[in-house]
Amino acid sequence: MDRVAIIGASMTQFGQRDAWIRELLAEAGQAALADANVSPDEVEHLYVSNMASGEFEGQTGVPNALAHDLAAMPAYTARIDQTSSSGGAGVYAAWQSVASGASDMTMLVGGEKMTHRSTAEATDVIASLTHPAEYKHGVTLPSFAGLTARLYLDTYDAPRESLGKVAVKNHKNGLDNPHAQFRKEVDLDTVLDSPIVADPLRLYDFCPITDGSAALVFCPESVAREYTDDYAVISGIGGATDTHVVHERADPTTMGGVVNSSEIAYEMADLEPDDVDVAELHDMFTILEFLQSEDLGFFEKGEGWKAVEEGVTDRDGELPINTSGGLKSKGHPLGASGVAQVYEIYKQLIGDAGKRQVEADVGLACNVGGFGNCVTTTIMESR
């Protein structure tokens, strides 16, 4: 089987945008095609990662609308919805379309329009992904995050400050990302003194509500060589789920979907966690960076917080995590986030990450849906 390559990528400005979902998707799609030097009529499959355009905006049918807006007809289109891991699921679908031989040129565009809704309205839309038994009791993802953070801190004797240092690190990285929603540094005191949202987590432990889009162009490696010398390949990818009811898990600080999806990806790539040079993790809440870094095998259980304290995950550390600024600084437009994670890894692997550039031949992106309900892990390598 020919390896699947990414030959072009784009990411729009994340934040509060005047554009609506169709405009955001078209903006990223056009930029990715230009980056890949691919004409719209060469696209055979066109996927759109999006969680809730109907709920947020009353807009459905966005994939076929995008094919029209990009002049990509008669490409096959489909919308990929896997809650907040829709982007990662879209990467999986695009990879499958090329790896299977069904398409020699596939484009994925992920996007979400959210900021026109109030925080309460947006939170309610996102909370609809929880189990009905949890939802009717008013459970939201921030409440899960707070409960899990408290359990983690107590179980592993981790200081509250370690969570704050994740926010400080990712804001510092986001300063050098021209597409990030928040391009400003924060100090530890600011994080720890911000308003409580779900004890022990405070405002700066949470990612923002965001508009934005990102896109990727996929093809077989043999085709990639016809277009460019600068491409990256997906060497491993895996998807998995965990219990839909969070309290049914034996250990709420272990995300089974992360463990299982990464095991599949590592086996496919014939790599180990120690082989990864840079990673983009789904830090919707600061506690998730600890959980994922451990469940991906980067650190022993209960040791993720120490890695942050010791600077291991800094941009100049042994394993840079979230060089893009992560969801925390970059923003979290639901359907775009997993696509933007792969965009960052792609840029790192082809040596085009600007001030964020680190030395990397192998990168990993982990996109989480809900509170670990569904996960896609993608491993990429430079050509």
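Which residue in E10 does Val278 stand opposite? In this predicted model, in which residues are numbered from 1 along each chain as its sequence is written, local features need pLDDT of at least 70, side-chain atom pairs count only at pLDDT 80 or more, and totals for chains, interfaces and linings use all residues. Side-chain values use heavy atoms, with hydrogens and water left out.

**View 1. Strands E9 and E10 pair in the parallel sense.** Val278 stands opposite Gly363 in E10, and the two strands are joined over three bridges; strands are DSSP runs of E with at least two residues, helices are DSSP runs of H or I with at least four, and both are numbered from the N terminus. Two strands count as paired if DSSP finds at least two bridges between them. The open sheet has nine strands in the order E3-E2-E4-E7-E1-E8-E11-E10-E9, with mixed pairing. Its edge strands, each pairing on one side only, are E3 (76–80) and E9 (278–280).

**View 2. Strand E7 (residues 212–220) is largely enclosed by the rest of the structure.** Nine of its nine residues are buried, where buried means under 20% relative accessible area, exposed over 50%, and partly exposed in between (1.4 Å probe, protein chains only). E7 pairs in the antiparallel sense with E1 (residues 4–11) over seven bridges, and Ala5 stands opposite Cys219 in E7. E4 (residues 106–112) also pairs with E7 in the antiparallel sense over seven bridges, with Glu112 opposite Gly212 in E7.

**View 3. The largest nonpolar core holds 56 residues.** A nonpolar core is a set of buried Ala, Val, Leu, Ile, Met, Phe, Trp, Tyr and Cys residues joined through side-chain atoms within 4.5 Å. Phe285, Ile287, Phe298 and Leu364 touch the most other members. Among the elements that each supply at least two residues of this core are helix H5 (119–127), helix H11 (256–269) and strand E10 (362–369), while the largest share, six residues, comes from H7. Leaving aside neighbours within four places in sequence, Leu364 is in contact (heavy atoms within 4.5 Å) with residues including Tyr266, Val276, Val278, Phe298, Ile345 and Ile379. A second, separate core of 35 residues includes Phe218, Ala340, Tyr343 and Met380.

**View 4. Helix H8 is largely enclosed by the rest of the structure, since 11 of its 15 residues are buried.** Among the buried residues are Arg160, Leu163, Val166, Lys169 and His171, and the buried residues of H8 pack against H7, H9 (188–193), E6 (201–202), H12, H13 and H14 (326–330). At 1.5 Å a residue, the 15 residues of H8 should span 21 Å, in agreement with end C-alpha atoms that are 22 Å apart; the expected span is 1.5 Å times one less than the number of residues.

**View 5. Ser261 lies in helix H11.** With a relative accessible area of 0%, Ser261 is buried, and its side chain reaches the backbone oxygen of Gly257 at 2.8 Å. Not counting residues up to four places away in sequence, Ser261 touches Gly238, Gly239, Ala240, Val375, Thr376 and Thr377.

**View 6. Ala19 lies in the loop between E1 and helix H1 (21–36).** Ala19 counts as buried at 13% relative accessibility. Leaving aside neighbours within four places in sequence, Ala19 is in contact with Leu24 and Lys113. Ala19 and Gly238 are 219 residues apart in sequence and 33 Å apart in space, C-alpha to C-alpha.

Key: Polar contact = N/O pair within 3.5 Å; in protein donor to acceptor, adjacent residues only side chain to side chain.
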